[in-house]
Amino acid sequence: MSTRPEKDTVTGKSTTGQEWDGIKELDTPLPKWWLYVFYVTIAISAVWYVLFPAIPYGTGHTNGLLGTTTRGELAEHIAEAQSAREAQLTEIAATDLPDLQNRPDLLAFAVQGGEAIFSDNCAGCHALGGAGQHGYPTLADDDWLWGGTYPEIYQTIWHGVRNADEDSRNSEMPGFGDILSKEEVAAAATYVQSLNEGMDAAEKASPEGARVFAENCTACHGEKGDGDQTIGAPRLNDQIWLYGGDFASIRNQIHGPHHGVMPAWGPRLGDVGVKMAAAYVYNLGGGKQEAPTQ
Amino acid sequence: MATTATIARAEADADAAPVRSRIEQKSDPLYVGRVKVHPKAVDGKWRRFKTAVLVLCLAVYYAVPWIRWDRGPGVPDQAVLADFSGQRFYFFWLEIWPQEIYYITGLLILAALGLFLATSLFGRVWCGFTCPQTVWTDLFMFVERRIEGDRGARIRLDKQPWNRDKIQKRALKHSVWLVIALLTGGAWIMYFTDAPTLARTFFTGEAGPVVYFFVGLFTLTTYLLAGHAREQVCTYMCPWPRIQASLLDEESRIVTYQTWRGEPRKPLKRNEDWDQRGDCIDCKACVAVCPTGIDIRDGLQMECIGCSLCIDACNEVMDRIHRPRELITVDSERSQRARAVGLSAPPRYVRPRTIVYVVAIALLGALMLGALALRSNQGVTVQNDRNPLFVRLSNGDIRNGYTLKILNKLNEPRRFDVTTEGIEGARLFAQGGAPADRLTLEAAPNGVTAAKVYVVAPPDPERPATADLTFRLTDEASGEEGGHGTVFRSPAS
C-alpha cells in the first residue's frame, strides 16, 4: 500500500510513504560515510576497468594494463603443478620399480599418477580399473599372459604386444583348423574346457582330446596347460578365459585363434610415465613379487 | 501484584502523561553527516561494574593465547589454538577435527540462545558491557579522556584551530590508539598461531606475509571501529540492535527513564515545590554521558546499548538536589505502567519465552556434553572399488577391493586387527600379502590412514550379486572396537 509521505509524530521524521498493515517505514537518512564508501567502490571499479580485461567490443575486448588472461593463469597453474611434481618424478626415474614398493609415499604418488595415465591411455581397451573385457585381458586378476612382475609389466607396457616395435612381445598360435580335423579340434576343445578340474578329469571328458593336446599344444601351453609367460601362451587350466570359456569359444580359438595387439607405449609415455603406469597396474591386486620359475 | 489488565484500567483512570512535542525537521535530507558524540566521564555503581567487566574481558582476551597445555611431542602446546594449517582446533583438553565442526556450531548456538535469554531478561546487556565494540570503544574513550580531557575540553579542542597544543594532543592520542590497535590485532592472530613464536618473529620480520597482513587488517579495523566509527557501528552496521528489539517484551528489565516521576521536567528554581513538578531538572547529564549520544528520556530506542551510564549520571544529580535516586533505573515496561498509577509489579523472570530459552540451552548443553563424553578416538570408513566391481581369479574365487580410511585421533601410531563378517569363507589381504582370516593394519598418529584391502571368497551360487559385508576393527592395544558396513559383489549367476 502506498500512502503519502508524512511526518511521524514520535520521531519527527518523514515516512517513506509505504504502509503494511498499519506499519509505516521511516525514511531515515543514510550516514554520509556510507555514501563515501559507495564512491570508493566506484573508484575501485574504474581502476579495475583499466587494469583487467573488461570492456567487450565487436571482435574482442580490452586487455587491461596487467595483461591478465585466464589462459595465462591456467598456464601458470600448470607450470606450478609441474614444478611441484618435479622432485617426485626425478625420484621415480632414479628408483628401480621393485624398490618403489617399499617406499609408501613415492609409491602412492606413482600409483596416483599411474591411474591418470591408465585412465587416459589404457582404459579404452582394458577398461577402468583394469577390469578388462572380451579379448582384452583383465589386469586386476592374478593371471598374467606376459608376466606380472615389475620388470615384465614395464617391458609389456613400453614395447607393447605384436606390433612394429622390435622388442615387442610377439608370438603366434597357428590356426589348427588347417592342421587338425574338425573332430580333433572339437575333442581338444572339450579337453581344454575341463582342464581346470585337473588332467585326469579332462582326459575322462575326452581321451581323444588328451591325445590331440599332447601332440599339438603342450609345446607352448605346457603338459598340464600351465601356459608359458615368456611366449605369452595363456594358462589353460584356470577359470580365466580371454576369449570366452564355453565350448564354442574355445573351439573357435583353436580353429582360428584371435591375437591381441597392444601398441608400444614407451615413446608416448616416456620412462617415468611407463613406470607409473606399471606401478598402478602392479597394485591393482595381481602384481607378482618374483619372476615365475616355469 | 498488578496484572497487565489492572494496570490498563488504572491507566485509563489516571491522566496520561503529557506527550512531549518534538522539534520537527523542515525537510529530511538524503544523507546526514556525523554528529560527533563527546561522552562525559561519570562515576557510579554501573560505571564501576562496566570497568570491571572491561578489565576482565581484556585480561581474558590478551592472556588466553599465552596459556600452555602439554599435549606431547609434535603437536602445539597452546591451550587455545585454531590451527588452520594443521586442521585442528585446540581447546585445553579438547581437540576438534574439521569433521567435528558441529561442536563449534553447537557452541555458537548455545551462545546465541544465551544472548536471547539475557536480552529477554535484562535487555541489551551484551551490547552495553561485553560486546568487543563496546569494550574497545570504552578503552579508546578512556585514552582520549586522559589525553584530551573530559567532554568540555574535548569539544573546545575540536573547535580550536590547529596549534601546537592541539597537534601534540591529537598526535599522542592517535599514537596510543594505534599501539592498542596493534596489540589487539596481534593478540587476535595469536589465537591462530603459536603466541610466543609470533611475539618473537613479528618484530624480527620473520613472521610471514599472511601474519603481517592480518595483524595489519585487524589493527586498522580496531583503530577505525573503536577510535572513529564507535556508535556508528551499533547504529548502522550491526544487525543485533534490530534483532534484539524483537527479543524484548514488556517484562524485560531495561534502562528506563521513569516518566511518571520525572515529568513535567523543568530547570530547578530555588525553593521550588516538588509537588508541582517532576524530579527531572532537565540538566541533560544523562545525555552528556551517553556513548551513543541519545536522550534516554525519549524512551527505548534502537541506539540505546543499555550501558546504564545515564543511571549513574542521574543518580549523582539526584544526590545533589536531595531527591531519591534511580529516576533513571533498570525496570520493565509493565512495572513502569504500574508505578505510574501507584501500583507495583514485581519482576517476572519466569515467562514462557525465558522457559523456552532455558530449556533449549539445557537440552543443547546436555546434547553437547553427551556427544563430547561419547566421542571416539577412532573411526573407519570403507569404500568399495567400483572399477572393477569384482575380479574372478584363476581358481574361480571372487575378489573385491576396498579402501579403508582409518581415523586415529591419538598422538601415537596404533595397530588395528581387521576382520570381516557376513561372507562365508571370506579371507582378506593387503597388496603383497597372502589371504588370511585377519589382517593387521597400522594407523599413523593424529591423522587418517588409507589402506587398500582385498577380500577373496569362493564362488557361491546362493550368494546374492550384492551381499552385505562388515569390516570390524579392533585396537590391538586398547581393545576399542569399530566397524563399517559395505557390500561384496559377485557375478550375477
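Author: In this predicted model, Pro267(A) has its place in helix H12 of chain A, a helix that covers residues 266–282. Is Pro267(A) buried or exposed? Pro267(A) counts as exposed because its relative accessibility is 68%, and the exposed class begins over 50%.

The loop between helix H6 (150–159) and helix H7 (182–193) of chain A contains Arg162(A). The phi angle of Arg162(A) is near 50°, a positive value in a residue that is not glycine. Most residues other than glycine have a negative phi.

Chain A also contains helix H2, residues 70–94, with 25 residues. From its first C-alpha to its last, H2(A) reaches 36 Å, close to the 36 Å expected at 1.5 Å a residue.

The contact between the chains comes next. Chain A and chain B bury about 2,400 Å² between them, and 53% of this area is on carbon and sulfur atoms. On the side of chain A that touches chain B, the elements giving two or more residues are strand S3 (30–31) and helix H1 (32–51). H1(A) gives the most to that side, with four residues. The contact takes 32 residues from chain A and 26 residues from chain B. Across this interface the rule finds eleven residue pairs in polar contact and zero salt bridges.

Chain B has backbone features of its own. A cis peptide bond, with omega about -10°, joins Glu263(B) and Pro264(B); Pro264(B) is in the loop between helix H12 (259–262) and helix H13 (285–289) of chain B. That loop between H12 and H13 of chain B also holds Asp282(B), whose phi is positive at about 55° although Asp282(B) is not a glycine. Asp282(B) is partly exposed, its relative accessible area being 25%. A cis peptide bond also joins Asn387(B) and Pro388(B), with omega about -10°, and Pro388(B) lies in the loop between strand S7 (378–384) and strand S8 (391–392) of chain B.

Finally, Thr419(B) lies in strand S10 (residues 414–421) of chain B. Thr419(B) counts as buried because its relative accessibility is 18%, and buried means under 20%. Beyond its neighbours within four places in sequence, Thr419(B) is in contact with Asp437(B), Arg438(B), Thr470(B), Phe471(B) and Arg472(B).

Note on methods:
Residues numbered from 1 in each chain as written. Chains lettered and ligands numbered in written order. Predicted model: local features only at pLDDT ≥ 70, side-chain atom pairs only at ≥ 80, totals over all residues. Heavy atoms only, no water. Expected span 1.5 Å × (residues − 1). Buried < 20%, exposed > 50% of the residue type's maximum accessible area, 1.4 Å probe, protein only. Contact = heavy atoms within 4.5 Å. Buried area = accessible area lost by both parts, 1.4 Å probe. Salt bridge = Lys/Arg side-chain N within 4 Å of Asp/Glu carboxyl O. Polar contact = N/O pair within 3.5 Å; in protein donor to acceptor, adjacent residues only side chain to side chain.
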